[in-house]
Amino acid sequence: MKAREVAYRILWEIEHDAYANLVLDEFLRREKGLKPPDKGLITEIVYGTVKYRARLDWEIDRTVQKVERLALGPRILLRLSFYQLLFMDRIPAFAVTNEAVQLARKLFHAGVASLINGVLRNYLRHPDEVVLPDPDKEPLLYLEIVYSHPRWMVERWLERFGWANTVKLCEYNNAPAELWIRVNTLRCTPETLHERLWQEGCVVERSALVPEGLLLKAAPPLDTLPSFQEGLFTVQDESSMLVGYAVSPEPGMEVLDVCAGPGGKTTHLAQMMQNRGTILACDLHEHRTRLIEENAARLGIDIIRTMVGDASLLDRHLQKQYPLVLVDAPCSGLGVLRRRPDSRWRKQPEGIKELAELQGKILESVYQLLAPGGRVIYSTCTIEPEENSQVIEAFLRKHSDLRRVDLTPYFPYAPKTEEEKAELAMGQRQYLPFRDGIEGFFIAALQKEPR
């Protein structure tokens with residue numbers, strides 16, 4: 001029961017605005033006596049319960065009598081119990097029920113324990129009595145409940161991508177996140193690290209898109225690996241690594257990286273520069289600039305200088321211009337929802353418009369810091385056009401001295417389709433999970449005319 005009690009307490013914190021990944025890590029560090037299988041069970045229950053909240057609440061609301069009187073605590077306990085019953089086949093139903101009743105007795109009182117026992121046993125006797133929405137009659141409700149995404153998200157995607165692709169996108173978001181790492185080419189080669197990780201007990205695959213990308217199919221905790229402790233790699237997603245190639249800095253250059261924390265892309269640029277030159281990495285939050293410094297130190301990088309500052313006001317504080325500027329803009333993150341299971345419930349459609357306005361302000365600020373002939377690379381981890389192509393189009397309309405840059409020569413792989421070839425040639429690429437099989441990212445490159 002220890003694992004389920006910890007899972008319950010984490011879920012309670014998440015319901016009170018804690019971030020799932022942060023509070024999970026904190027509990028797993030703090031709780032003594034948890035064995036690796038316990039930690040794995042807690043992680044799966046927490047992330048799965050958060051991810052499938054809408055589906056679980058649908059089951060609960062149709063199983064509990066007088067559901068309007070159900071308090072949050074018992075609802076959370078029912079959610080994690082229903083998650084195990086619906087999505088974790090390896091756990092016997094009687095074990096789920098018995099442990100939920102024991103935990104209810106400990107957390108609440110005998111009355112709640114009786115309620116939990118009755119609800120779960122009634123469901124197990126008549127599971128087919130809970131009827132899911134009909135996809136033909138109520139397609140939006142079906143997507144919202146069965147795939148557990150907010151109604152406004154699936155409505156947007158259905159209009160833009162159609163039914164089949166929206167389903168694929170939701171399925172992608174609900175799948176377990178892959179663990180990608182980036183080889184620290186300052187200290188080893190991809191081939192060397194690939195072999196080393198196998199020796200350390202990992203199951204490893206090479207990326208088909210980026211030469212320094214490795215996929216860990218199975219691995220011990222990363223911080224226990226000698227190769228991690230020696231700074232031979234860092235965690236970074238495959239699509240995120242492509243941003244570094246869009247920048248493609250040369251050794252010895254001066255680069256400005258805004259909204260840079262926690263430093264994955266920044267340290268990638270430093271690797272490409274062979275740790276020669278200068279990178280000014282700016283972020284609004286001091287704790288994120290500290291993370292950049294810590295990551296750089298572990299990887300043996302010393303060309304990064306950090307600065308705390310508002311990216312939309314940087315032109316007021318910096319007096320020089322840069323030949324290369326990376327804007328990894330703050331965004332809604334709707335392209336990386338599988339990595340942040342609670343994120344889907346935190347977002348609101350109004351936030352997209354607000355973020356687009358901020359993104360435009362940041363680009364206006366860095367425009368003043370871009371040297372004639374210099375390039376600005378804009379990236380986000382969202383799939384929403386208001387934050388991506390529309391931001392770039394508005395920016396170009398304001399500045400006649402900017403032109404799009406063909407990304408094809410910079411990328412480490414050949415375009416797979418005519419559509420991708422055309423996008424790269426016009427200086428931007430929208431990666432879509434259901435089409436490209438990677439996290440949703442947007443990358444665009446613009447160049448200022450030389451004087």
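Trainee: Where is Pro262 found?

Mentor: Pro262 lies in the loop between β5 (254–258) and α14 (264–272). Helices and strands here are DSSP runs numbered from the N terminus (H or I, at least four residues, for a helix; E, at least two, for a strand). This is a predicted model, in which local features need pLDDT of at least 70 and side-chain atom pairs count only at pLDDT 80 or more, while totals for chains, interfaces and linings use all residues. Residues are numbered from 1 along each chain as its sequence is written, and side-chain values use heavy atoms, with hydrogens and water left out.

Trainee: What is the peptide bond from Gly261 to Pro262, cis or trans?

Mentor: The Gly261 to Pro262 bond is cis, with omega near 5 degrees. Most peptide bonds are trans, and most residues other than glycine have a negative phi.

Trainee: What is the phi of Ser148, which is not a glycine?

Mentor: Ser148 has a positive phi of about 55 degrees. Ser148 sits in the loop between α8 (139–146) and α9 (151–161). Asn275 is not a glycine either, and its phi is positive at about 60 degrees; this residue is in the loop between α14 and β6 (278–283).

Trainee: Why does Asn275 count as buried?

Mentor: Buried means under 20% relative accessible area, exposed over 50%, and partly exposed in between (1.4 Å probe, protein chains only). Asn275 has 18% relative accessibility, so Asn275 counts as buried. Ser148 is at 0%, so Ser148 counts as buried.

Trainee: What do the buried residues of α6 pack against?

Mentor: They pack against α1 (2–15), α5 and α7 (110–125), where contact means heavy atoms within 4.5 Å. Among these buried residues of α6 are Val96, Val101 and Leu103.

Trainee: What makes β2 an edge strand?

Mentor: The open sheet of 4 strands has the order β2-β3-β1-β4, with antiparallel pairing. Strands β2 (203–206) and β4 (233–235) each pair on one side only, which puts both at the edge.

Trainee: How do you know that β2 and β3 pair?

Mentor: Two strands pair if DSSP finds at least two bridges between them. Strands β2 and β3 (residues 213–218) have 4 bridges, in the antiparallel sense. Arg206 has Leu214 in β3 as its bridge partner. Helix α11 (residues 190–199) packs on the sheet, touching β1 (179–183), β2, β3 and β4.

Trainee: Why is the chain called as compact as a globular protein of its length?

Mentor: The chain has 20 helices and 12 strands. Its radius of gyration is 24 Å, close to the 22 Å that the globule rule gives for 451 residues, so the chain is as compact as a globular protein of that length. The radius is taken over C-alpha atoms, and the rule is 2.2 Å times the number of residues to the power 0.38. The C-alpha trace spans about 75 × 50 × 40 Å along its principal axes, and 54% of the 451 residues count as buried.

Technical notes:
Axes are lines fitted to C-alpha atoms, for helices over the stretch in contact, and angles run from 0 to 180 degrees between N-to-C directions.
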